[in-house]
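This report describes a protein model, its chains, their interface and selected residues. The sequence and structure are displayed first, and the description comes after them.

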Amino acid sequence: MADNQLHASEDETELLSFRVGTQEYCVEIMLVREIRGWTRATPLPHSPPHVKGVINLRGIVLPVIDLSARLGMDPIEGVDRNVIVVVSVGEITAGLLVDAVSDILTVSEKDMQPAPEIAAGRSGRYIRALIVTDEKLIRVLDLKTILPGENQDAA
Amino acid sequence: MTTDPMAEIRTSFFAECDELLESLQDALNLMDEGEHDSETINVVFRAVHSIKGGAGAFGLDALVSFAHQYETVMDEVRSGRLVPDASAIKLFFRAADMLQDIVRTTRDEQHPPPGIEDMLALLKALLHEDAQELDEPVAFTPLGLSLEFDLGAPAIDVAPAEIDDDFGWTITFTPNAGLYASGNEALLILRSLSNLGHCVIRCLVPEDLPPPDESNAETPLLSWRIILEEDVPESDIRQVFDFVNDVCQLQISPRKVIDDLAPTRPERISPTAEAALPPVGSTSAKKPAGDDACPISSAASKVSLVPHPRPARPVDTNAHEPATMVRVDMEKIDRLVNLIGELVINQAMLAQSVETAGMSQQSDIMAGLESFMTLTRDIKESVMTIRAQPVKSLFQRMARIVREASASVEKEVRLKSVGEYTEVDKTVIERLADPLTQMIRNAVDHGLERPDVRRAASKPPEGQITLSASHRAGRVLIEIEDDGAGIDRPKVRDIAIQKRLIAPDASLTDAEIDQLLFLPGFSTATEVSALSGRGVGMDVVKAAITSLGGRITTTSVPGQGTKFSISLPLTLAVLDGMVVQAAGQTLVVPLSAIIETAKLEEQNIHRLSASGMMMRFRQELVPLFDLGQKLGFRDMRDIAAAGIVLLTVQEDGRRAALIVDAIMEQRQVVIKGLGQTCGHIPGVAAATILGDGQIALILDPGDLVWGGASSPHFDTKAG
C-alpha cells in the first residue's frame, strides 16, 4: 500500500475491509481499535447465536460477535486464520469475528453509494452504503445497528 | 479568583468538616466517659470553632450561627463556669449531630434541617445568665484596651515580656479586611494560640486609630505580635490560624532569628508595616503565584495602617495535614487495583508457560519467577490496603443511630465500640451502613428491654450495645452484641407458625429458630414502633451482607443478650471461588454460596417430572439441577452418569443442588465486570480471568436457580 494513500484528504475516509463468507464488508478505520487473531471465546449462557462469547483483551472482558451469524449467514466456526476486529462505538467496545481482513481503502464520500432499497432485506439494515471498486462490491457496515446496545433487536 | 479554585476550596472545607466532626465525636465520647480535662474540652471547642470559621469564610450563615452558639457554650465549659452533667453531654452529642446535619445540608445546598431553633434554645438554656456574653477577662487579651489606651503609643505591652530563654516562636498576626466579616475573631485565635503554651502577646496599634463606629466595626485595625514560649511544631501554630489563612497576614519565625532582627523591647517596635513584617519573614514566606486572596475593602484601605495586603500566605490550606497524607481520587485507585489484577493473571500465565516449556525447577528462570510471584502478591496486598479505611466513621454513624433510636423508644442505651481502627475496603464500609443501621435499630428496639424490665431482672437500667470489628483469618468480623433479653425462641416459633413459615409440628433446633428471624416479613416486636417498623429488615440485612460476599450468624442466650456476627471479605475485588467444570466449560462458584459438596448417587435422586428433580440431602429434599443444562450449554441427559453435586445456599436459606462434571480447584479470583455490552445474563454475576488467560464466568447460583426472585425483598403481604 502506497504511502500517499494513507493520508486521507478532507472528504476522504479510510476504511478497513474484511471478508465474511464470500462477501466483502468494511468499517471506518477510526472505529477500529485493533485486530487480533482468533482465540477461543468463553460462551455466555442464553445468549443469541451471533454472540460468540467473551474473550480476554488484556484484562478487559470483550464480547465477540460472529459477524456472519449477525448478518444472517452461517456462523463462523472459529479457526486460526479467522480474525477478531475490535471496534468501539461510543461507550461500547466489541470484537467482530470475520473470516479474514482484506485491505485498507481510501475512498471519498462521493464513491459511497447509498444502499439500494432492494438490499433492505434481512441484512440490509446493517448496511450503510456500498462501494464499487475494481468490479468488487464492498458493503459499508453501520456498526450502531450491529453492536448490542440500546437499539438491540430481539435476535 | 475563578469559580473553580473556590469550589475546590469549598470541597476541601467540607472534607475538613468531616474530620473535625469526627474529632468532635471522639472528644465528646471521652467527655461522656468522664474525661473532663481541658484538652478534651478544647478539642470540642476547636472543632466547632474551626467549622464556624470556615463556614464564615464561605458566608454559610446557618452554619455560622449554630456553630457560634455551640462554641459559646463550649467556651463556658472550657472556662470551668459550666460543669456539664450527663444530660448536658447528651445535649452536646445531639448538637454535634445537628451540626453534622447542617454541614451536610449546606454542602448539598439543601434546606437546613428542622429543629435548629429548638437546639439553639436548649444550648442557650445551659448558659448562666451572666455568661450570655462571650466576654472573658484573660490576662493576655487586648480587648477592653482599645478605647482606653493612649493612641499615640506605638505598642502596648499587655503582658510583661518575660523573655528569659530563646526557644519558641515569634508570630506576627495582622488581620486583613474580611477576617471579622467572615465570622472569625482574633481573640479566639489568640486564645487557641495560648493553649499551645505560654504566650506574650502585644497589640500593635496604628497611630491614627479612628474612633470606633458602626461603619468600621468589622475593619481590622490592630495587629498582634505574639511570642510563644513553647517549643511546638510550626504546623501546630499554623493550624490555629488555619481558617483565617487567607484573611490575614501571618509571619511565623523561630524566636532566635527574629530576636536578632527585631528586638522585642517595646520602644523599638515601630507600628509601621515594615516593622510589623520584618524582612526575615518576607524572605521565608513562599508566595504562591497569583494568590491574591486578600482583597482589601475600600473601608479598610481608607482607615487602616494595616500594611498593604501582600499575600503572605506561606503555606496552602492543606499544610496542617501530615505530609504523609494524600487525598486521591477513588477512580485512580480502582484503576490501579484493576492493573494489579492484570498483573496477577499475567504472572499466573507466565508461570504456566514456563512450566509448559519444561524448565527445570532449579533454573534461574524458576527462581526469578518465584520472587516475581512474591512481589506480585505483596503489591496486590498493599494496593488493597489503599482502598481500606478504618471502620471508625461507620461506627460513629452507628453511635448516632443509637442515640436517636434510644431516644425515640425511651430506653437508656450505651454504645461501646471496639476495634474502630480495623480497616475494611471502602466499598464494603459504604455498603455496610444500611444493614448495620437496621441491626442497631433492631438491637435498640427489639433486643434491649425497657429500663423497668431490666431493673426487675437485676440488670443495670442502661442497656449496652457493643459494636466491634476485627480481622480474623483474612476476613473482617463485625459483631453487634446487646445485653438484652435474648431471642425469645418460643415466641419466634409461634410467630413463624402463625405466619405459616414453618409447619406447626416442625421440630427446630435453637439455631434454626434463630434463622427464622431472617425470613422475609418476620416481626417479633409486640409493640410496633416507627423505629424498626415491622421487623422489616433482617431479611434485607442478610441479602445485603450476602451481596458483599459475607455471612451472618446469630448467637443468643436467653436473658443475657444476642450477638450477630458478620463475616466479610477484606475486599470486593477478589473472591474465593470454587473452579468447576460443566459441559466442557470452566466456571467459578463463589465459595460463600457453597455449603458442601457430595457425590451424586442414584438412590438419592427423586424425579418429579420430566425436568424437575429433587435430591435427598441428609433427610432434606432440595431441588437438583444440572449446571451445564441450566446454563444452556447442553441438552437434557441422563444425570445419573454425572458425578458431583454442589449444595448451594441462598441468603434466605433456600437451597439447591447443582450437578457439575468436576471440581478443579479452590482459589482466589479477580472479579471482572461483564460490562454493559453483555447485559444481564441470568445466573452469571461477573467474570474472571484464569491462569491460562481464558475467561471464566462467576456464577450467581441463587439467580441461576430462582431467577429474578432470588433476591428477597420485604414482602408487604407477609407483614
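## The chains

The model is predicted, and its local features are described where pLDDT is at least 70. Chain A has 155 residues, of which 48% count as buried. Its secondary structure amounts to three helices and 11 strands. Read from the N terminus, the elements of chain A follow the order α-β-β-β-β-β-α-β-β-β-β-β-β-α. When contacts in chain A between residues at least 6 apart in sequence are considered, 55% of them link residues at least 24 apart.

Chain B has 719 residues, and 49% of these count as buried. It contains 21 helices and 23 strands. For contacts in chain B with a separation of 6 or more, residues 24 or more positions apart account for 71%.

## The interface between chain B and chain A

The size of an interface is often expressed as the accessible area lost when the parts come together. For chain B and chain A, the buried area is about 1,700 Å², and carbon and sulfur atoms contribute 63% of it. The contact involves 21 residues from chain B and 17 residues from chain A. Zero salt bridges are counted between the two chains, whereas three residue pairs are in polar contact across the interface, both residues of each pair being at pLDDT 80 or more.

Which strands of chain B each supply at least two residues of the side that touches chain A? They are β22 (684–689) and β23 (695–699). The largest share of this side, three residues, comes from β22(B). By class, the side of chain B that touches chain A is made up of 11 nonpolar, seven polar and three charged residues.

## Selected residues

| Residue | Relative accessibility |
|---|---|
| His49(B) | 9% |
| Gln396(B) | 13% |
| Leu97(A) | 0% |

His49(B) is located in helix α2 (residues 38–57) of chain B. An unreviewed UniProt entry carries the annotation "modified residue: Phosphohistidine" for this position. Is His49(B) buried or exposed? With a relative accessible area of 9%, His49(B) is buried, because buried means under 20%. Setting aside residues up to four places away in sequence, His49(B) touches Glu71(B) and Leu188(B).

Gln396(B) belongs to helix α14 (residues 392–409) of chain B. Gln396(B) counts as buried because its relative accessibility is 13%. Beyond residues up to four places away in sequence, Gln396(B) touches Glu22(B), Gln25(B) and Asp26(B). With Asp26(B), the side chain of Gln396(B) forms a polar contact of 3.0 Å.

In chain A, Leu97(A) lies in strand β7 (residues 92–98). At 0% relative accessibility, Leu97(A) therefore counts as buried. Apart from neighbours within four places in sequence, Leu97(A) is in contact with a set of residues that includes Trp38(A), Lys52(A), Val64(A), Ile65(A), Leu67(A) and Ile76(A). Further contacts of Leu97(A) include Asn82(A), Val83(A) and Ile84(A). The C-alpha atoms of Leu97(A) and Val20(A) are 8.8 Å apart in space, while the two residues are 77 residues apart in sequence.

Conventions: Residues are numbered from 1 along each chain as its sequence is written. Chains are lettered from A and ligands numbered from 1 in the order in which they are written. Side-chain values use heavy atoms; hydrogens and water are left out. UniProt positions are given in the numbering used here, feature names are shortened, and annotations may be inferred rather than shown by experiment. Helices (H or I, at least four residues) and strands (E, at least two) are DSSP runs, numbered from the N terminus. Buried means under 20% relative accessible area, exposed over 50%, partly exposed in between (1.4 Å probe, protein chains only). Contact means heavy atoms within 4.5 Å. Buried area is the accessible area (1.4 Å probe) that two parts lose on being put together, summed over both. A salt bridge is a side-chain nitrogen of Lys or Arg within 4 Å of a carboxyl oxygen of Asp or Glu. A polar contact is a pair of N or O atoms within 3.5 Å; within protein, one must be able to donate a hydrogen and the other to accept it, and residues adjacent in sequence count only if both atoms are side-chain atoms. Ala, Val, Leu, Ile, Met, Phe, Trp, Tyr, Cys and Pro count as nonpolar, Asp, Glu, Lys and Arg as charged, and the others, Gly among them, as polar.
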